[in-house]
Amino acid sequence: MADIILNVEVRERIGTGGARAARREGLVPGVLYGGDKDPVAIAVKSNEFRKALYTGKLLGHLVTLQHGKETQPVIAKAVDLHPVTDEPIHFDLYRVDAHQTIKISVPVHFKNHDASPGLKKGGTLNVVRHEVELACPADAIPEELVFDLTGLEIGDTIRIGAFDLPKGVTPSVDRDFVVATVAGSAAGASEAAEEAAEGEA
């Protein structure tokens, strides 16, 4: 089961006024969506929510929602932060079954920049997608996708098909789209972005 447990309480008041009232009481307001049930206004103690958020394993991960003696696996898909203080002010949770397939965006990172001849020659890594949407089991969401740049030359294109995806994980769209390119100039980067845009059409 999930590492993080969120102890929630159901909010009686909904809407902006209800959310403000929850924050005054030291709570972070949120909404539970999904499944075959209606949305439910909920809240979590601010200190508990911050602790869960700062582990880095809240957003995009399977977590356990607990209300009294009842538990429910959920995915945290959105957290709104205050523009000045960066304090969490609202969140969205989605009901899931632990093994059901869900669509979720996962960050993309690149390693071994120094081992790319193209980058050594002055090329630029042009990242078209900083995250990609994957279809994966709710209890097996990858933390990230990492691509090894070793051996890449100027003009090389990195497509989603070149990534080593975990078992049971697939791109959410059935197309070998561009994730990044090794461009030799600003013009090359622009062409890669245009190609990616055409692929979306």
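Lys77 lies over the face of Tyr94, 5.3 Å from the ring centre; a charge is taken to sit over a ring if NZ of Lys or CZ of Arg is within 6 Å of the ring centre and within 35 degrees of the ring normal. The model is a predicted one, so local features need pLDDT of at least 70 and side-chain atom pairs count only at pLDDT 80 or more, while totals for chains, interfaces and linings use all residues. Residues are numbered from 1 along each chain as its sequence is written, and side-chain values use heavy atoms, with hydrogens and water left out.

Next come the rings that pair with each other. Rings of Phe, Tyr and Trp (its six-membered ring) pair if their centres lie within 6.5 Å, with planes under 30 degrees apart called stacked, over 60 edge-to-face and the rest tilted. That rule gives four aromatic pairs. One of them is Phe49 with Phe91, a stacked pair at 4.7 Å centre to centre and 25° between the planes. Phe49 belongs to helix 2 and Phe91 to strand 6, 42 residues apart, so this pair links distant parts of the chain; helices (H or I, at least four residues) and strands (E, at least two) are DSSP runs, numbered from the N terminus. Both Phe49 and Phe91 are buried, where buried means under 20% relative accessible area, exposed over 50% and partly exposed in between (1.4 Å probe, protein chains only).

Phe147 and Phe163 make a tilted pair, because their ring centres are 5.2 Å apart and their planes meet at 55°. Phe147 sits in strand 10 and Phe163 in the loop between strand 11 and strand 12 (170-171), so parts 16 residues apart in sequence are tied together. Phe147 counts as buried at 11% relative accessibility, and so does Phe163 at 8%. Ring pairs also bring in Phe110, giving a cluster of Phe110, Phe147 and Phe163.

Phe110 and Phe163 turn up again in the largest nonpolar core, where they, Leu145 and Ile158 touch the most other members out of 28 residues. A nonpolar core here is a set of buried Ala, Val, Leu, Ile, Met, Phe, Trp, Tyr and Cys residues joined through side-chain atoms within 4.5 Å. Two or more residues come from each of strand 7 (101-111), strand 9 (131-137), strand 10 and strand 13 (178-183), and strand 7 gives the most, with five. Neighbours within four places in sequence aside, Phe110 is in contact (heavy atoms within 4.5 Å) with Leu125, Val127, Phe147, Leu149, Ile158, Phe163, Val179 and Ala180. There is also a second, separate core of 18 residues, with Ala52, Leu58, Val63 and Ala76 among them.

As for charges, the whole structure holds two salt bridges, defined by a side-chain nitrogen of Lys or Arg within 4 Å of a carboxyl oxygen of Asp or Glu. In one, Arg50 meets Glu87 with the closest N and O atoms 3.1 Å apart. Arg50 lies in helix 2 (residues 46-54) and Glu87 in the loop between strand 5 (70-81) and strand 6 (88-95), so the bridge ties together parts 37 residues apart in sequence. Arg50 is partly exposed at 27% relative accessibility, as is Glu87 at 29%. The other joins Glu153 to Lys121, with closest N and O atoms 2.9 Å apart. This pair, too, links distant parts of the chain: Glu153 is in the loop between strand 10 (145-148) and strand 11 (157-159), and Lys121 is in the loop between helix 3 (117-120) and strand 8 (124-127), 32 residues apart. Glu153 is partly exposed at 30%, whereas Lys121 is exposed at 59%.

Val8 stands opposite Val44 in strand 3. Strand 2 (residues 27-33) also runs antiparallel to strand 3, joined by six bridges, and Val31 stands opposite Ala41. Strands 2 and 3 form a hairpin with six residues between them, and Gly34 in the turn has a positive phi of about 95°.

Technical notes: Pairing = 2+ DSSP bridges.
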